[in-house]
Amino acid sequence: MIDRTRLDSLRTAEEERFRESHPRSAELAREADHSLLAGVPMPWMTRWAGSFPLFVDSAGGARFTDVDGLEYVDLCLGDTGAMTGHALPSVASAVQDRAAHGFTTMMPSSDAAWVGEELRRRFGLDRWQFAMTATDANRFVLRFARHLTGRPKVAVMDWCYHGTVDETLAVLDGDRVVPRPGALGPQVDVALTTRVVPFNDLDALDAALAHGDVAALLMEPALTNIGMILPDEGYLARVRELTREHGVLWVVDETHTLCAGPGGATAAWGLEPDLLVVGKPIGGGIPVAAYGMTAEVADRLEGPMRGHEIDVAGVGGTLTGSALAMAATRATLSTALREEDFAAAVPLATRWTAGVAGVIAEHDLPWHVQQLGCRAEYWFCPPPRNGADAAAAIDDDLEGFMHLWALNRGVLLTPFHNMALFSPHHTESDVDRHTEVFGEAVEELLGR
Ligand code: PMP
């Protein structure tokens with residue numbers, strides 16, 4: 001359907017336009033190449049469209065400005081890290097205040113109890129604990145689950161992503177569990193640690209848990225890291241029943257699905273996980289993640305948590321739960337990611353979805369677009385029901401072109417996805433700008 005020669009030449013032209021309009025970023029990229037591995041502070045930063053990364057000068061609300069002075073509508077929002085919108089004034093003043101009064105002492109600060117109560121109110125889980133990143137929170141939760149059940153394995157969804165957690169970087173190859181393509185230097189063979197099941201497949205889940213060796217099922221309530229895949233009607237209710245029947249702890253990772261509302265999909269859809277993980281935006285950009293658990297799980301964990309050896313238990317992080325983290329989280333949760341914020345952001349995502357769907361329909365493309373709360377994403381295939389179907393439709397060349405075309409016209413999409421995230425700071429004209437740019441890209445691609 002897409003003429004690949006045409007795609008190549010369009011991409012080359014966009015690449016040229018990118019280079020010409022970003023001389024200062026190009027210069028900084030050359031400088032950084034000298035001392036930084038792959039020329040960037042962390043590897044994902046090589047994954048942007050364009051032959052060198054854009055260097056950012058400042059970000060505020062729904063926009064950022066690069067070092068060449070160009071302004072963009074930010075639909076990436078730091079891949080959810082800035083879902084609140086950039087540079088919240090409440091977080092700026094909380095951080096400034098802590099800067100004058102100490103960031104970290106390894107003792108609790110007066111914000112800690114407020115934050116715990118707020119998480120409890122939002123998500124319905126009884127007791128909470130913190131980590132620096134959602135990756136760490138997931139690692140800690142899996143460790144607790146193995147400790148509590150005495151079982152060695154974890155179960156995850158095929159093509160899931162839960163951060164850099166070794167056991168979760170696994171996919172199915174037929175019936176075999178193998179490292180996810182690209183996973184570097186796995187520390188243990190994932191076939192020994194992990195059972196993998198396709199999303200939306202209850203029979204496969206039942207069979208995987210029936211082995212009796214799975215401590216926890218860790219999953220997103222909707223997959224968000226391989227395009228977006230929504231659960232079938234009744235799927236999550238049955239997942240809850242199956243995990244209970246097999247004595248498996250159900251861990252819901254809300255790090256991305258927090259887009260569904262102030263208490264994530266758990267509150268929006270009335271889910272009842274045993275444990276819940278949330279990270280990324282809850283500190284307004286300061287690294288914080290949290291995990292909650294039912295009273296029943298907490299009661300069973302209290303003993304070891306207060307024990308003499310907890311400092312070497314494999315759960316920790318010296319800067320975790322610091323006064324800085326608690327102050328930033330309190331400032332964020334008291335001024336952002338609230339009902340009224342979602343009431344402003346979600347209609348923008350709906351408008352974006354309708355705009356993209358309109359272009360897809362107009363050109364009769366076999367693509368689709370999905371929305372979950374303030375997050376929406378298009379993908380180059382009809383709606384898949386599981387991760388393997390979505391992975392089969394990955395088209396790096398086409399994706400790269402769509403991203404670069406948008407970037408060159410002042411709209412940033414999320415890398416590794418075709419995802420747009422909305423905050424209350426975006427406007428309808430931001431959305432319409434994307435629809436216009438997306439429509440023009442498709443017309444160019446199809447030569448219309
Ligand atoms: N869980 C989910 C669902 C995620 O998408 C991610 C990161 N994209 C993580 C956990 C890990 O977050 P972090 O990289 O901040 O540790």
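Which helix gives the largest share of the shell around the ligand? Helix H5 (residues 134-149) does, with three residues.

1. Basis. This is a predicted model, in which local features need pLDDT of at least 70, side-chain atom pairs count only at pLDDT 80 or more, and totals for chains, interfaces and linings use all residues. Residue numbers start from 1 along each chain as its sequence is written. Helices (H or I, at least four residues) and strands (E, at least two) are DSSP runs, numbered from the N terminus.

2. Ligand shell. There are 14 residues around the ligand, and Thr133, Ala134, Thr135, Gly163 and Thr255 come nearest. A residue is near if its C-beta atom, placed from the backbone, lies within 6 Å of the molecule. The shell has nine polar, three charged and two nonpolar residues. Here Ala, Val, Leu, Ile, Met, Phe, Trp, Tyr, Cys and Pro count as nonpolar, Asp, Glu, Lys and Arg as charged, and the others, Gly among them, as polar.

3. Domains. The domain assignment, automatic or from a database, gives domain 1 (4-86 + 338-446) and domain 2 (89-335). Their centres, taken over C-alpha atoms, are 27 Å apart.

4. Domain interface. Contact puts 23 residues of domain 1 against 29 of domain 2; contact means C-beta atoms, placed from the backbone, within 7 Å. On the domain 1 side, H12, E13, E14 and helix H13 (387-392) each give two or more residues. H13 gives the most, with four. By class, that side has eleven nonpolar, seven polar and five charged residues.

5. Helix H12. H12 (residues 339-362) has 24 residues; at 1.5 Å a residue it should span 34 Å, and its end C-alpha atoms are 34 Å apart, which agrees. The expected span is 1.5 Å times one less than the number of residues. Buried residues in H12 include Phe342, Trp352 and Val359. Buried means 20 or more other C-beta atoms within 10 Å of the residue's own, with C-beta atoms placed from the backbone. Their cover includes strands E13 (368-372), E14 (375-379) and E16 (419-421), and helix H15 (428-446). Just after H12, Asp364 takes a positive phi of about 55 degrees.

6. Core. The largest nonpolar core has 129 residues. Such a core is a set of buried Ala, Val, Leu, Ile, Met, Phe, Trp, Tyr and Cys residues joined through C-beta atoms within 7 Å. This core draws at least three residues from each of domain 1 and domain 2. Leu421 is among the residues with the most contacts inside the core. Not counting residues up to four places away in sequence, Leu421 touches residues including Leu75, Met83, Cys259 and Arg375.

Terms used
A residue is buried if 20 or more other C-beta atoms lie within 10 Å of its own, exposed if 12 or fewer, and partly exposed in between; C-beta atoms are placed from the backbone. Two residues are in contact if their C-beta atoms, placed from the backbone, lie within 7 Å.
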